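Hi everyone, thanks for coming. Please have the structure open on your screens, and follow along as I talk.

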Amino acid sequence: MFKNSIGRFLGLQPPRLPLEAGALPIQSIDAPKLLSFALGRGAGVGLSASVAAGDEVDAGQVLATDEVGRVLPSPYRATVATLSTSVNTRGGRPGQCVVLQPENTSPAKVFEVLDPESADVEALAGRVREAGLLSAALRPAPLLEVLRPTGDADQETLIVMVMDREPGVSATLALVKERGAQVVPAAKLLGRLAGAKRILLAVSEASLELVRHPAEAAGIELLTLPLEYPETLDPLVVQRAGADPSTPVIMLEAALAALDAVREGLIPSTKVLTLIGMDGEPLANYRVPLGMRLKEVLDHAGITPGDRDKVIAGGPMRGYAQFSLDGVIDTGTEALTLVAAGSMVDWSTDPCVNCGRCIEACPTHLQVQLIGRYAEFELFDRTVELEIDECIECGLCAAVCTVNRPLLQLIRLAKRELEDAQ
Ligand code: SF4
Ligand code: SF4
């Protein structure tokens, strides 16, 4: 099945890709001696370190903060080994990180337990904030800010993704199989935090049966999505739900992390991800300590990529090819995808031939060929008029381009330059 996806990625098949219908069980990976935590918190948000090399920190102690009170708490009792610069796994500029040497990495209860159903919403919001929770998105951002993008105003609708988004990735399905009973309580908690009147679980046929009864009993709607990429990306999910375009769509793992912070007093310390092998088949679902280097995950799996093989942080459609394996796992790393030398697309600098395939493939109906040209010639401001912000980075335009123009890379370059210019 997944080889078809690669074929599609190479532009050989019609613009819909099959998603995984099954999932390998989750295996836990032990933490290495050092773990790195980036201080970047999503678009334009960075924290400043509040610890120094050599400091002893307790679990829950704030490692970094900003002027509006966003925090990065330590998941462990640890020694701060160093403050360093970390590789940006999303192609951005390197950023600061705190490197910890944990004393031990068993989950530590650091907060007082709250009842997610009866606790005051402000207390719940405070907990999400003090646990430093991030969305488990392509580019993670503070969870509370994603749930309430306009500040205090309630959301009409909230959607929790109880399925995976990209071909070959099955981490969320594996998580539902493991923690199915906690899906509804987690969704209800996020619903309270967002002030949402309507809560939906976006499910596949495989995850539907695992959550159907508790969801129906709790009055939570089920939205069954086809096992086809890009139907799982936010704007298309929201459209299918008939909801307002600003509706937050939250991955299940972030919802469970919020539940754990509230009900168990825990700070999230792991990420469940799928390792996708060179032949496109899922090799494993791993529970990986946050802050572990990509190289260490591959070493655990017994994989040493060759010089010209590629390692992609993320899934095959939206992931970022890595120039170094020193980048670390964060809450947005839903997969590690290996691509053998020779099977990567040869991106070309050939000019656009105006075939229109990218426009036909684009789920958000953008003038992709023009955006690509403006980005190529560094006319980034012109891409704003073409609504580059509406691009959901699905990668389909690049996959179908007749002359293999690196459209997704150009779009990301333009977005980053526009963000940096703000
Ligand atoms: S422009 Fe963006 S949304 Fe449209 S196909 Fe390309 S990556 Fe997808
Ligand atoms: S698919 Fe490629 S060649 Fe065709 S219009 Fe789009 S950018 Fe141009």
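Predicted model: local features only at pLDDT ≥ 70, side-chain atom pairs only at ≥ 80, totals over all residues.

Let's begin with helix 5, which covers residues 183-194. How does helix 5 sit against helix 8, residues 252-264? Their axes come within 8 Å and cross at roughly 85 degrees. Angles from 65 to 115 degrees count as roughly perpendicular, so that is the word for helix 5 and helix 8. If you want to find the contact yourself, look on the helix 5 side for Val183, Pro185, Ala186, Leu189 and Leu190. Across from them, helix 8 brings Leu252, Ala255, Leu256, Ala258, Leu259, Val262 and Arg263. Sorted by class, this contact has eleven nonpolar residues, no polar ones and one charged.

Helix 5 also packs with helix 2, residues 121-130. Here the angle is about 105 degrees and the axes are 9 Å apart, which makes this pair roughly perpendicular as well. On helix 2, click on Val121, Leu124, Ala125 and Val128; on helix 5, the partners are Leu189, Arg192 and Leu193. The classes here are six nonpolar, no polar and one charged.

Now for the second largest pocket, which holds about 590 Å³ of space. It is lined by 30 residues, and those closest to its centre are Pro268, Ser269, Thr270, Lys271 and Arg287. Which elements give two or more residues to this lining? They are helix 4 (171-179), helix 8, strand 15 (270-276) and strand 16 (282-289). The lining as a whole has 18 nonpolar, six polar and six charged residues.

On to the ligands. Around ligand 1 you'll find Cys362, Cys391, Cys394 and Cys397, among others, including Pro363, Leu366 and Ile411. That shell divides into nine nonpolar, two polar and one charged. Around ligand 2, the residues include Cys352, Cys355, Cys358 and Cys401, along with Asn354, Gln369 and Leu407. The ligand 2 shell has seven nonpolar, four polar and no charged residues.

You can find Glu393 in the loop between helix 12 (380-385) and helix 13 (396-400).

My last stop is a peptide bond. Is the bond from Tyr229 to Pro230 cis or trans? It is cis, with omega near 10 degrees. Pro230 lies in the loop between strand 13 (228-229) and helix 7 (234-241).

That's my tour, and I'm happy to take questions!

Key: Residues numbered from 1 in each chain as written. Chains lettered and ligands numbered in written order. Heavy atoms only, no water. Near = heavy atom within 4 Å. Nonpolar A, V, L, I, M, F, W, Y, C, P; charged D, E, K, R; others polar. Axes fitted to C-alpha atoms, helices over the stretch in contact; angles between N-to-C directions. Helix = DSSP H or I, 4+ residues; strand = E, 2+ residues; numbered from the N terminus. Parallel < 35°, antiparallel > 145°, perpendicular 65-115°, else oblique. Contact = heavy atoms within 4.5 Å. 1 Å grid on protein atoms, 1.4 Å probe; cavity = no way out; pocket = protein on both sides within 12 Å on 5 of 7 lines; lining within 4 Å. Points joined across faces, edges and corners; volume = space filled by probe spheres on them.
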